[in-house]
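Please read it alongside the sequence and the coordinates.

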Amino acid sequence: MKHLELYSDYLICNAASSATATGLSAMMNGDVSHDQITRMLSSEKQTSKDLWLKVKPVVRQIEAEDGTLIFDDSITEKQWTDESDLICWHYDHCKNRNIKGINSLSALYYTNDVSIPVAFELITKPEKTDKNGKLVRKSEKTKNEMLREMVTTCVKNQLMFRYVLFDTWFCSVETFEHILKHGKHFVGALKSNRLVALSLEDKKEGRFVHVNELELSDKQAVRGYLKGFDQEVLLVRRIFKNKDGSTGRLDLVCSDLTCDGEQVAAIYEKRWKVEEYHKSLKSNLGLAKSPTRTMTTQNNHVFMSIYAFFKLECLKIKLQLN
């Protein structure tokens, strides 16, 4: 894509201001026109496949057998942009309300203190007529289905990784089975009402309890079975202090029975890297600061922001800085 490097550099050095074609042209003293930038953003939509082709050479240099593939979704708020299949209303679990914006699902590869985005999907919600004749917006695929497709793609791309990490929203039985089918392991966070049995006999007899009812200390691991899932798993409790001084609790599930509680906790802590990734896209790389109006230009701006993050990670590798 022509001007890809220029536009991504512009996002890196212009994080505090709006990312506009006019602004980039002015920064280049008119050597690159506003129309050239607009035509680039309006060209063929860049996809996860295009991202992989860009990051693949660097990934091959740093990948390791014990690498982790981290999944999470994020909403980029676009309150004043016209609604479309891409920019529409999504429920934000952090704010506990619906917000208008772009919802994206990302796969971040992490190893040796380096984070490389290897896949992404922008969630679109076309308008459909429900059974009551009312127009509603609904995605044609669930995020769990998208995650499973992205895992398959990463395996086909021969990406080295051992663990797939995600939060409670992706802990479906179908996702667990899909990851194991590809010879990988998962570590995920469970909702407090998830039903578990602590022995095969309890499972067969239907004696399940809510995971939050288990008496576990911090980083203690026990073997058990999730309701609806055949394979034995590790259940690990994390207990921590919140910023307000209150005590927080997180229940983890891991498919790798060779691990202990300390190891599972350490593996899941790597999931925080995807939070840093989303924060960097918004704070350092102008993800939400583009006034683009069409779905193609909006998609390509998101792609440019992701690519700009990759370039920062390349600098980190080269200069050995954070």
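What follows is a set of notes on pockets, cavities, a helix face and backbone angles.

The model is predicted. In this model the largest pocket has a volume of about 1100 Å³, while the second largest pocket holds about 590 Å³ of space. Two cavities of 30 Å³ or more are counted as well.

**The largest pocket**

- The lining of the largest pocket is made up of 40 residues, and those closest to the centre are Asp72, Glu275, Glu276, His278 and Lys279.
- Strand S1 (68–77), strand S2 (87–92), helix H9 (272–284) and helix H10 (295–319) each contribute at least two residues to this lining, and H9 gives the most, with eleven residues.
- By class, the lining of the largest pocket comprises 15 nonpolar, ten polar and 15 charged residues.

**The second largest pocket**

- Thr47, Ser48, Phe120, Glu121 and Leu122 are the closest to the centre of the second largest pocket, out of the 26 residues that line it.
- Helix H4 (48–62), strand S4 (114–122), helix H5 (143–156) and H10 each supply at least two residues of this lining.
- The lining of the second largest pocket divides into eleven nonpolar, nine polar and six charged residues.

- The largest cavity has a volume of about 90 Å³, and of the 13 residues that line it, Thr76, Ser104, Leu281, Leu287 and Val302 are the closest to its centre.
- S1, strand S3 (97–111), S4, H9 and H10 each provide at least two residues of the lining of the largest cavity, which by class has eight nonpolar, five polar and no charged residues.
- The second largest cavity contains about 50 Å³ of space, and its lining consists of Lys78, Ile102, Leu287, Ser290, Thr292, Gln298, His301 and Val302.
- H10 gives the most to the lining of the second largest cavity, with three residues, and the classes represented there are three nonpolar, four polar and one charged.

**The buried face of helix H1**

- In helix H1 (residues 4–13), the buried residues are Leu4, Tyr7, Ser8, Tyr10 and Leu11.
- Viewed down the axis of H1, these buried residues fall within an arc of 150 degrees, so they line one face of the helix.
- The buried residues of H1 pack against helix H2 (21–27), helix H3 (34–41), H4, H9 and H10.

**Two asparagines with positive phi**

- Asparagine 96, in the loop between S2 and S3, has a phi near 60 degrees, a positive value in a residue other than glycine.
- With a relative accessibility of 58%, which is over the 50% cut-off, asparagine 96 counts as exposed.
- Asparagine 112 lies in the loop between S3 and S4 and has a positive phi of about 50 degrees, although it is not a glycine.
- Asparagine 112 likewise counts as exposed, because its relative accessibility is 62%.

Terms used. Residues are numbered from 1 along each chain as its sequence is written. This is a predicted model: local features need pLDDT of at least 70, side-chain atom pairs count only at pLDDT 80 or more; totals for chains, interfaces and linings use all residues. Side-chain values use heavy atoms; hydrogens and water are left out. On a 1 Å grid over the protein atoms alone, a cavity is a set of points where a 1.4 Å probe fits but cannot get out, and a pocket is an open set with protein on both sides within 12 Å along at least five of seven lines; lining residues have an atom within 4 Å of a point. Grid points are joined across faces, edges and corners, and a volume is the space filled by probe spheres set on the points. Helices (H or I, at least four residues) and strands (E, at least two) are DSSP runs, numbered from the N terminus. Ala, Val, Leu, Ile, Met, Phe, Trp, Tyr, Cys and Pro count as nonpolar, Asp, Glu, Lys and Arg as charged, and the others, Gly among them, as polar. Buried means under 20% relative accessible area, exposed over 50%, partly exposed in between (1.4 Å probe, protein chains only). The arc is that of the directions from the helix axis to the C-beta atoms. Contact means heavy atoms within 4.5 Å.
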